Amino acid sequence: MTAMRWKTMIAALLTCLLVGGCGIQAPSEPAGNTCTISISCATILNKLDDLTQGKQALVPADGWLLEPTQVEFNEGESVFHILRRTCKQQMIHMEFEDTPIYNSAYIEGIGNLYEFDCGELSGWKYRVNGRFPNYGCSQYPVQSGDVIEWLYTCDLGADVGGGESQ
Amino acid sequence: MRSRDAFSACHPVVNLVYFTLVLLFSMCWMHPACLGISLAGATACVFVLRGGTTLGKSLLRLLPIALLAAVVNPAFNHEGVTILTYLPGGNPLTLESILFGLASAGMLMAVLLWFSCTTCVMTSDKWVYLFGRVIPALSLVLSMTLRFVPKFRQQFQIVRETLPEDGGVLRRMRTLVTVFSIVVTWSLENAVETADSMKSRGYGLPGRTAFSIYRMDSRDKRMLIWLGACALCLGSGWLLGGADWRYYPAINGASVAPTTVGFWCVYLALCFTPVVLCWREERTWNLLQSKI
């Protein structure tokens, strides 16, 4: 009787794991389309004094956390999907705040450089083909050949060419 | 009246200075060595001052809270350069956030245990003695506040026994709410009455002396000198970076060196002062008894 119960429990557990495992599977292997992505924190280089203590060593000498890199992606993927996958592949730290109900993701920090780390107007912005979309990166569908740039700003975007009404 | 232990028998100023120092350092220093010393000292002090049973009970109550703190931090904080794996949500699980969670759990436990010692040693008569003449209103409020929870619990039990305990869950809940309401009313009235009663006895009037059984003897003076020396030593060590430790983005801080080890030894001595004091008194007592 007890052995029977154990077997049932183990079977139930395995089923749960399988179902759960399928639910959180990694994005499928991308194929076909390519785009270019880069991550830069060059704006910090002349403001190193304002940076949070202990983070100076995280800023590369030339400001590139990721130099322009060609990556493949699936049709319909957003800038956020591409950033997340690329960071995982390149072993770059990245933290985001996800609000699935609005399909909204906010990038809090890349490479341990967080918003507000270099003054109260600092944070991460993204630019596609030289233009700041000014809406969430999880809402921007990427086209083949797009050039995505992630830029750290210390002045609400003004220092990277993306002021309030760009 | 004989106090239960040598440390509680010290002058209230000694107790106050001691707990101020220890709580300040425990709350400000995140260095793992300092946290370990503080936690060990707090555990030993609770054991000596309040007994093994109380220590066991409070540890049993504190451990789940500390564990929760340790688990919650890496779930919500993903900063740190050492990525171990990725959480189901997609954010990284970092070694630094786990270690910070453990450190904050340790600090939480140490500070709560130190407070447990404080409430045991700093009785309300000591508070009134220390601040009764400087800030009479505050010290009365302080002593009443410190006495509030045990007194409230006691009165709750008394009122509860007068009401019926039968009936379903809903009915018993209603009874409990009634009891709560009664006891809250009682405690408000009691506070006003206590204040009135103290006033009518002339509490806080200028030029009025108060009875106290505390005397600053040579042992208390020596204790004060010892605490002052410790404070000076630890304060300057603090300024020189003996307790520096950073968890984010990468773990970094004061490493093992002759100066830092000396600094930690002083901290260890400070944290174990009450234990040593009690142990010495007990040894003297046993020696004297064996000679009889």
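Q: In which sense do strand β1 (residues 33-40) of chain A and β2(A) pair?
A: Happy to start here, with a predicted model in which local features need pLDDT of at least 70, side-chain atom pairs count only at pLDDT 80 or more, and totals for chains, interfaces and linings use all residues. Residues are numbered from 1 along each chain as its sequence is written, while chains are lettered from A and ligands numbered from 1 in the order in which they are written. Strands (DSSP runs of E, at least two residues, numbered from the N terminus) pair if DSSP finds at least two bridges between them. β1(A) and β2(A) have seven bridges, and their pairing is antiparallel.

Q: Which residue in β2(A) stands opposite A:Ile39?
A: Let's stay with β2(A), which spans 64-73. The residue there that faces A:Ile39 is A:Leu66.

Q: Which are the edge strands of the open sheet in chain A?
A: The sheet has four strands with mixed pairing, ordered β2-β1-β7-β6. An edge strand pairs on one side only, and those strands are β2 (64-73) and β6 (123-128) of chain A.

Q: What angle does the direction of α2(A) make with that of β1(A)?
A: Helices are DSSP runs of H or I, at least four residues, and contact means C-beta atoms, placed from the backbone, within 7 Å. Axes are lines fitted to C-alpha atoms, for helices over the stretch in contact, with angles from 0 to 180 degrees between N-to-C directions. α2(A) packs on the sheet, touching β1, β2, β6 and β7 of chain A, and the angle with β1(A) is about 70°.

Q: Which element supplies the largest share of the side of chain A that touches chain B?
A: The contact takes 12 residues from chain A and 13 residues from chain B. With three residues, the largest share on the chain A side comes from β3(A).

Note on methods
Contact = placed C-beta atoms within 7 Å.
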